[in-house]
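Reader: I'm new to this one. Can you walk me through it?

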Amino acid sequence: MLFMGCEKYPNENEYDEYLDEHGGSSNASTDFEMTSYVFDVSDTHLNGAIDRFAHQFIKPLFKKSSINREIKAVDSEYMEGLQSDTEKLTQICQSIIQADHPCNRFTSGK
């Protein structure tokens with residue numbers, strides 16, 4: 001839900017467009033306990049990229065249209081992955097660990 005607009009940069013694609021325009025890119029990955037965000041951009045535009053990155057966490061907009069699209073994306077990811085070997089292994093692990101363990105929770109769209 002982050003990077004879909006913030007108070008200072010309300011355009012939903014502002015962050016990615018800025019990086020693209022200045023030779024950069026971004027990616028994120030979520031594991032059971034943390035999410036990692038990475039980006040690269042030319043050094044002359046690093047301050048602008050950091051400002052856009054930081055403001056996504058300071059005052060995100062969470063627009064209703066963005067939320068609805070994200071819900072659909074998570075649902076689609078979940079439905080597509082149900083039969084994957086990785087998901088089957090996750091289900092097996094979740095069935096044998098303690099019920100209150102952090103790994104024993106819904107994991108799609110982390």
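**Walking through the model**

Author: Let's start at one residue. Leaving out residues up to four places away in sequence, Ser66 touches Met1, Met4 and Glu12. Keep in mind that this is a predicted model.

Reader: Where is Ser66 found?

Author: Ser66 is in helix 3, residues 64–81.

Reader: Is Ser66 buried or exposed?

Author: Ser66 is buried, because its relative accessible area is 0%.

Reader: And which residues of helix 3 are buried?

Author: Ser66, Val74 and Gly81. They cover an arc of only 70 degrees around the axis, so they sit on the same side of helix 3.

Reader: What do the buried residues of helix 3 pack against?

Author: They pack against helix 4, residues 85–96.

Reader: Which exposed residues does the face turned away from the buried side carry?

Author: That face of helix 3 carries Lys64, Ile71, Lys72, Met79 and Glu80.

Reader: How many residues does helix 3 have, and how far does it reach?

Author: Helix 3 has 18 residues. From its first C-alpha to its last it reaches 26 Å, close to the 26 Å expected at 1.5 Å a residue.

Reader: Back to Met1. Where does Met1 lie?

Author: Met1 lies in the segment before helix 1, which covers 14–21. Met1 counts as partly exposed because its relative accessibility is 30%.

Reader: Which residues form a nonpolar patch with Met1?

Author: Phe62, Ile67 and Ile71. Together with Met1 they have about 340 Å² of accessible area on the surface.

Reader: Tell me about Phe62. Where does Phe62 lie?

Author: Phe62 lies in the loop between helix 2 and helix 3. Its relative accessible area is 42%, so Phe62 is partly exposed. Phe62 also has a positive phi of about 50 degrees, although it is not a glycine.

Reader: Why point that out?

Author: Most residues other than glycine have a negative phi.

Reader: New topic. How many salt bridges does a search of the whole structure find?

Author: The search finds 4.

Reader: Which residue forms one with Glu7?

Author: Lys59 does, with the closest N and O atoms 3.8 Å apart. Lys59 lies in the loop between helix 2 and helix 3 and Glu7 in the segment before helix 1, so the pair ties together parts that are 52 residues apart in sequence.

Reader: How accessible are the two partners?

Author: Lys59 counts as partly exposed because its relative accessibility is 44%. Glu7 has a relative accessible area of 54%, so Glu7 is exposed.

Reader: Which residue meets Asp51 in a salt bridge?

Author: Lys8, at 2.8 Å from N to O. Asp51 is in helix 2 and Lys8 is in the segment before helix 1, so this pair ties together parts 43 residues apart in sequence. At 22% relative accessibility, Asp51 counts as partly exposed. Lys8 is partly exposed too, with a relative accessible area of 46%.

Reader: Are Glu14 and Arg52 buried or exposed?

Author: Both Glu14 and Arg52 are buried.

Reader: Which residues of helix 2 are buried?

Author: Gly48, Ala49, Arg52, Phe53 and Gln56. They cover an arc of only 135 degrees around the axis, which puts them on the same side of helix 2.

Reader: What covers the buried residues of helix 2?

Author: The cover includes helix 1 and strand 2, residues 35–40.

Reader: Which residues are exposed on the other side of helix 2?

Author: Asn47 and Ile58 are exposed there.

Reader: Last one. Where is the place of Met34?

Author: Met34 is in the loop between strand 1, residues 25–30, and strand 2. Its relative accessibility is 54%, so Met34 counts as exposed.

How values were computed:
Residues numbered from 1 in each chain as written. Predicted model: local features only at pLDDT ≥ 70, side-chain atom pairs only at ≥ 80, totals over all residues. Heavy atoms only, no water. Patch = residues over 30% accessible without salt bridge, like charges linked within 9 Å, V, L, I, M, F, W, Y side chains within 5 Å. Areas by Shrake-Rupley, 256 points an atom, 1.4 Å probe, with all protein chains shown as cover. Salt bridge = Lys/Arg side-chain N within 4 Å of Asp/Glu carboxyl O. Helix = DSSP H or I, 4+ residues; strand = E, 2+ residues; numbered from the N terminus. Buried < 20%, exposed > 50% of the residue type's maximum accessible area, 1.4 Å probe, protein only. Arc of directions from axis to C-beta. Contact = heavy atoms within 4.5 Å. Expected span 1.5 Å × (residues − 1).
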